[in-house]
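This report describes a structure for a reader who has not seen it before. The text takes up one chain, then the other.

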Amino acid sequence: MINFKINKTLIVLITFLIFFISFNEAKIDTDEASIKIIFINTINNSRIVLNDSIYTNPFNEKYSISKLRYYISNVCLENASDTFKEHDSYHLIDESKEASQSFSFSVPEGRYNSLQFLIGVDSLHNVSGAQTDALDPANDMFWTWNSGYVMAKMEGNSPASKVVNNKYEFHIGGFSGQSSVLKEVVVNFPPATEVFKAKNTYTFIIDADINTWWQNPHDIKIADHPVITTPGINAKNISDNYANMFHIEKVITE
Amino acid sequence: MRRGIRMKKGQITILIFLFVATFTLLLGAGKKDRADLYINATTPLKFEIPAGWPKPSSNIFASNPLTEEGFQLGRKLFYDGRLSKDGNFACASCHQQFAAFSTYDHDLSHGFHDQFTTRNALPLFNLAWKRLYHWDGGVNHIEVQALSPMTAPNEMAENVDSVLLKLRKDTSYVRMFREAYESPLINSQGMLKAIAQFVGSMVSANSKYDKVKRGEDSFNNAEAHGYELFKAHCANCHKEPLFTDESYRNNGLALNDYLKDYGRMRITGDPADSLKFIVPSLRNVSVTFPYMHDGRLYSLYKVVDHYRKGIVQSATLDSSLQKPFNITDVERDELVYFLHTLKDTSFLKNKRFSQP
């Protein structure tokens, strides 16, 4: 009698064990596609070279680039009815750190028409206190006297600049009201890649044309604006320009 | 019967083994959240709101749960000179407890390489009731405030990574970070949240004024008359019980030609904010001299006299100061007597906030 009772308990326990083991297994999702996004910062279709290359902007001003960083956040894939948002989606693309220029995540199998993201850090995370990882203030992309993230940063030298050491310096930020520089970008997928199949990896090579910063819709001449490091109309104008910098160069399916 | 019991014992051993195995697997299922494996060893602290006070305008501890371990880590950081480049400037060097955590007897404070700061150090207390920080409201969260003095070249002159390297070399920090966050990580977020726990816990609500309000004490005649004058002339901006309405106002101080400090306009870019600064709390005001954003007025008598006959007209002057205070010299002194009742000795001497 006792033996029978215990055996019954044993059966229940073993069932539990099997259940938890299989539950663990089930966590590895098999119906997801992997998305990898690679940003390549270019000028005239060539990857930029920090410090040593001299470029020419649309106003015939020569310039070099010593620092180039920008935030990409709130990355989503969209279709007609659904949005899939990357979890904890904050990336600091830094031209001097190759590892920062790509990131991966997985999405449920299905049809998606476009990739969407924000250039910059959404306003909520500008007022949420101390953050980590890409949003760590140690990344030197956080204003300490006027709280908020520098959404995009470009620095270098240009003979057109009349400030110290012919420097030019753009620290583009501002997250609220009229001075907000937050830009939503929608990149449509080429029709052939709209269906994302499970277990496949889709690598998007996104070209970021840095020469867009200077023009369209606003003319930004280094001679006129060598230093833009506070929120306001000039920062806003540059963000209107760089909102056009991205396009999908190619998609690799593996 | 004997045989039956023996068998039962054997079965029980198997049962225990299976229980343990199941439990281990259960824990394993949550591998992503390693924190679950730690038994929560922190000691939660309750943030007390003084009776009759409004609720804090933003819950500064909502994403930074207040614990004894976090508080003590913040306390150690607050008093640690290693947060500055040359080791000389802890937070506490400009925020002295006996001066209600302002800089005693200094119009401007000192920083790295014998440099002056550009503004009078604000006292620290009742910060949980603030929405924005600094004289110009440029800092929007208590957790990021410490970054400003830490990285300013004329204050602590450090950078975050360098401070963290110093902390990681100190085994007492390794232990205290682990105790506060149950993780071996020493990062900027942990450091900043701990400092926020320490300074955010500073509450001053036990002055003579508070005791009078609670019926435990009473004003003398001069103080009582001073309180009436205060309510008539000052309480509009220095609103009870916090003695500030947290607004930004131009109180008629002439622009300092050297500092050229336009206050809140620097943050908002709006000319309507020119020469506006936060209305500071008057709690503990008798120990926070000198006064105003650049410490230009050395006594409370001078402050009251400014409102009586020193107001400088300008486009953004506060509407409530268009007409000077019409009070006598005796009334001025009575007003100052009342302001002295806002000194909270139990806060100024509270061992919880002193150097560990």
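Of the 254 residues of chain A, 31% count as buried; a residue is buried if 20 or more other C-beta atoms lie within 10 Å of its own, exposed if 12 or fewer, and partly exposed in between, with C-beta atoms placed from the backbone. This is a predicted model, in which local features need pLDDT of at least 70, side-chain atom pairs count only at pLDDT 80 or more, and totals for chains, interfaces and linings use all residues. Residues are numbered from 1 along each chain as its sequence is written, while chains are lettered from A and ligands numbered from 1 in the order in which they are written.

The average pLDDT (the predictor's confidence in each residue, from 0 to 100) of chain A is 90, and 89% of its residues score at least 70. Residues 24-28 of chain A have a pLDDT below 50, and this stretch has two contacts in the model beyond near neighbours in sequence. Two residues are in contact if their C-beta atoms, placed from the backbone, lie within 7 Å. Where pLDDT is low, the predicted coordinates should not be read in detail.

Chain A has two helices and 18 strands. Helices (H or I, at least four residues) and strands (E, at least two) are DSSP runs, numbered from the N terminus. Strand β1 (residues 32-43) of chain A pairs with the strands tabulated here; two strands pair if DSSP finds at least two bridges between them.

| Partner of β1(A) | Sense | Bridges |
|---|---|---|
| β8(A), residues 102-108 | antiparallel | seven bridges |
| β16(A), residues 201-209 | parallel | nine bridges |
| β2(A), residues 46-47 | antiparallel | two bridges |

Within these pairings, A:I38 stands opposite A:S102 in β8(A), and A:F39 has A:I206 of β16(A) as its bridge partner. A:I43 is bridged to A:S46 in β2(A). The hairpin of β1(A) and β2(A) has two residues between the strands, and A:N44 takes a positive phi near 50° there.

Chain B holds 14 helices and four strands, and 42% of its 356 residues count as buried. Helix α13 (residues 329-340) of chain B has twelve residues and reaches 17 Å from its first C-alpha to its last, close to the 16 Å expected at 1.5 Å a residue; the expected span is 1.5 Å times one less than the number of residues. Among the buried residues of α13(B) are B:L335, B:V336 and B:F338. Their cover includes α10 and α12 (300-310) of chain B.

B:A224 lies in helix α10 (residues 221-233) of chain B. Why does B:A224 count as partly exposed? Because B:A224 has 15 C-beta neighbours inside 10 Å.
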